[in-house]
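Work through the exercises below with the sequence and the model open. Try each task before you read its solution.

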Amino acid sequence: MSSNYDVIIIGAGIMGCNTALQLARQGLKVVLFDKEAIGAGPSGRSSAIIRQHYSNKLTARMARYSLDVFQDFDERVGGECGYTRTGFACVVAADDQDGLAANVALQQEVGVQTELISLEALAEIMPAMATGDLVSAAYEPDGGFADPYLTVTSYAAAARRAGVVLHQGTEVTNVRFDGDTVIGVDVGAKRVNAPIVLNCGGPWGRRVAQLAGDKTSTIDVPIDSCRVQVAFFRRPAGYEADHPVVADFVNATYFRSETGGLTLAGLVDPSEADAVVDPDRFNENTDMDFELDVGERLIRRFPAMESS
């Protein structure tokens, strides 16, 4: 293992691998460490929805740029990302109608191809959707989903091609300083040097930040890891074709197509963030109560699923 680099990155999720790639393309000497494997955390298990519907202008601009990357992935990154264009619909009741309209206006301002559509037009896009309790809908035709594991591993492979040294199963145990200046990290008994150390630890980001503390001070960043569940449901005969991604703010759910005639569903519920867990030790199975709950919510919007 070489000892001297321009940048050390901790965490080989999508943020770490993409950051490593972009820095290497700028001519920097980059090393990337992960205590497990590429995409072993949430990057490889994401619902991987591709949408540009955000209420923050900066985030919407980032999503607009990222869509171009997914649409031209092989040229810009290389490899496969599994981008599947199905369209993305956001549906709301009366209480959220004004907010939806404001979001669409903001997104259009930064170049997102999106619009408010009538419930009749929504029914044409997804005839199986129940619309009786809805007031308004927004639709972006380029929305869809990707394959999360393919995406992150393609970024890792591109980073390697660009010269990044990537170590899996290699835990950083300390971040070293000379006074207030970072000078590198320790990997077991090995010292690796760089004037820049980037924390891309995701759920482990709080622990990584604490490595930069000392006996008299602790760096504590407000990052908590939470357990978020999804469930898969088989679509009935006649509904095998992909359907749009739907963000249903009436039933506080989202759902999208999955390969094999399945639909993936999860919650749009801020209270999920209250389920703080140890990212190394938590229940990775779904709860039966969750499966029943999200299934019932899905059926309200997609009644055909009741016969699946």
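**Exercise 1. Find the strand partners of β7 and decide how enclosed β7 is.**

Step 1. Strand β5 (residues 88-92) pairs with β7 in the antiparallel sense, over 5 bridges. Two strands pair if DSSP finds at least two bridges between them. Helices (H or I, at least four residues) and strands (E, at least two) are DSSP runs, numbered from the N terminus. Residues are numbered from 1 along each chain as its sequence is written, and side-chain values use heavy atoms, with hydrogens and water left out. This is a predicted model: local features need pLDDT of at least 70, side-chain atom pairs count only at pLDDT 80 or more, and totals for chains, interfaces and linings use all residues.

Step 2. Phe88 stands opposite Glu140 in β7.

Step 3. Take the other partner. Strand β6 (residues 115-117) runs antiparallel to β7, and 3 bridges join them. Here Leu116 stands opposite Ala138 in β7.

Step 4. Sort the side chains. Ser136, Ala138 and Glu140 point one way from β7, and Ala137 and Tyr139 point the other way. All are buried. Buried means under 20% relative accessible area, exposed over 50%, partly exposed in between (1.4 Å probe, protein chains only).

Step 5. Conclude. Strand β7 (residues 136-140) has 5 of its 5 residues buried, so it is largely enclosed by the rest of the structure.

**Exercise 2. Locate the buried side of α4 and say what covers it.**

Step 1. Check the length. α4 has 13 residues and reaches 19 Å from its first C-alpha to its last, close to the 18 Å expected at 1.5 Å a residue. The expected span is 1.5 Å times one less than the number of residues.

Step 2. List the buried residues of α4: Leu100, Asn103, Val104, Leu106 and Gln107. They cover an arc of only 160 degrees around the axis, which puts them on the same side of α4. The arc is that of the directions from the helix axis to the C-beta atoms.

Step 3. Recall the helix rule. An α-helix has 3.6 residues a turn, so residues three or four places apart point the same way.

Step 4. Turn to the opposite face. Asp98 and Glu109 are exposed there, away from the buried side of α4.

Step 5. Name the cover. It includes α2 (57-71), β5, β6 and β7.

Step 6. Zoom in on Asn103 of helix α4 (residues 97-109). Its relative accessible area is 19%, so Asn103 is buried. Not counting residues up to four places away in sequence, Asn103 touches His53, Tyr54 and Ser55. Contact means heavy atoms within 4.5 Å.

Step 7. Look past the end. Just after α4, Gly111 takes a positive phi of about 95 degrees.

**Exercise 3. Classify the aromatic pairs.**

Step 1. Set the rule. Rings of Phe, Tyr and Trp (its six-membered ring) pair if their centres lie within 6.5 Å; planes under 30 degrees apart count as stacked, over 60 as edge-to-face and the rest as tilted. By this rule there are 4 aromatic pairs.

Step 2. Phe70 and Phe73 have ring centres 6.2 Å apart and planes at 20 degrees, so the pair is stacked. Both Phe70 and Phe73 are buried.

Step 3. Tyr239 and Phe302 form an edge-to-face pair: 6.1 Å centre to centre, 75 degrees between the planes. Tyr239 lies in the loop between β14 (230-234) and β15 (245-248), and Phe302 in the segment after α8 (288-301), so the pair ties together parts that are 63 residues apart in sequence.

Step 4. Tyr239 is partly exposed at 35% relative accessibility, whereas Phe302 is buried at 2%.

Step 5. Look for a cluster. Phe70, Phe73 and Tyr155 form one.
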